[in-house]
Amino acid sequence: MSKLALLLLFLFVFSAFANVEEDSKQGKIRVLAIDGGGIQGIVAGVILKQLEVALQIRDPSARIAEYFDVVAGTSTGGIITAILTAPDPQNKDRPLYAANEIVQFYRQHGPSIFTKSTDCSIPGFWCPKFNGTYLRNIVTEKLDETLLNQTTTNVVISSFDVKLLQPTIFSSFKVYIT
């Protein structure tokens, strides 16, 4: 990332988070929304890493999840949401992973997570695009028995159930859809 881009990101972070306490008093809610896109989640990881680096200039122990009231993600954004908001077993109020671990996670596990499913003739239409077995195993290994209501901030993860052909929302608080 160029020096100019880093400077602009730094200025954005400082202006955006300068009045966190004041925004809270005014009832403002800070939402981090992370898009889907499969292995392209590595791009979001790079951006979030830079954002966290900028936050750490102000507070060396800062983690992104601590600056948002809600972290939301779709598909691969949901994976990133889980990484950013999983609690540290030693300190339940502190995120277990830093943003810089997202890129490392995608480099190490992305090729196995995003392997095209061979169980179906038209992946992504009538059946899952990717086989979820590896993802399920790695999430269990990394997060153990962590439940959604244990995240360090509110979480909303949207997905699509290809078997029931309907959207599914996983949330740390109740979400009502009409």
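Predicted model: local features only at pLDDT ≥ 70, side-chain atom pairs only at ≥ 80, totals over all residues.
Student: What makes the pair of Phe105 and Tyr106 edge-to-face?

Tutor: The ring centres of Phe105 and Tyr106 lie 5.7 Å apart, and rings pair if their centres are within 6.5 Å. Their planes stand at 75°, and since planes over 60 degrees apart count as edge-to-face, the pair of Phe105 and Tyr106 is therefore given that name.

Student: Why is the aromatic pair of Tyr106 and Phe114 called stacked?

Tutor: Here the distance is 6.2 Å centre to centre, with 15° between the planes of Tyr106 and Phe114. The distance falls within 6.5 Å and the angle is under 30 degrees, so the pair counts as stacked. By this rule there are two aromatic pairs, and ring pairs join Phe105, Tyr106 and Phe114 into a cluster.

Student: How do you know whether Phe105 and Tyr106 are buried or exposed?

Tutor: The relative accessibility of Phe105 is 11%, while Tyr106 has a relative accessible area of 2%. Because buried means under 20%, Phe105 qualifies, and Tyr106 qualifies as well. Phe114, the stacking partner of Tyr106, is also buried.

Student: Why is Gln40 described as exposed?

Tutor: Gln40 has a relative accessible area of 57%, and the term exposed applies over 50%, so Gln40 is classed as exposed. Its place is in the loop between β1 (31-34) and α3 (41-58), and its C-alpha atom is separated by 9.7 Å from that of Gly77, a residue 37 positions away along the chain.

Student: Which residues make the contact between α5 and α6, and how do they divide by class?

Tutor: Helix α5 (residues 100-113) packs against helix α6 (residues 133-143) at an angle of about 145°, with the axes 9 Å apart, and the crossing is right-handed. From α5 come Phe105, His109, Ser112 and Ile113, which meet Tyr134, Leu135, Ile138 and Lys142 of α6. By class, this contact has five nonpolar, two polar and one charged residues.

Student: Which members of the largest nonpolar core touch the most other members?

Tutor: That core holds 24 residues, and those touching the most other members are Leu32, Leu48, Ile64, Leu84 and Ile102. At least two residues of the core are supplied by each of β1, α3, α4 (76-85), α5 and α6.

Student: What is Ile102 in contact with, leaving aside its neighbours within four places in sequence?

Tutor: With those neighbours set aside, Ile102 is in contact with Gly41, Gly45, Leu48, Ile80, Ile83 and Leu84.

Methods:
Residues numbered from 1 in each chain as written. Heavy atoms only, no water. Phe/Tyr/Trp six-rings, centres within 6.5 Å; stacked < 30°, edge-to-face > 60°. Buried < 20%, exposed > 50% of the residue type's maximum accessible area, 1.4 Å probe, protein only. Helix = DSSP H or I, 4+ residues; strand = E, 2+ residues; numbered from the N terminus. Axes fitted to C-alpha atoms, helices over the stretch in contact; angles between N-to-C directions. Left-handed = near helix turned anticlockwise from the far one by under 90°. Contact = heavy atoms within 4.5 Å. Nonpolar A, V, L, I, M, F, W, Y, C, P; charged D, E, K, R; others polar. Core = buried A, V, L, I, M, F, W, Y, C linked by side-chain atoms within 4.5 Å.
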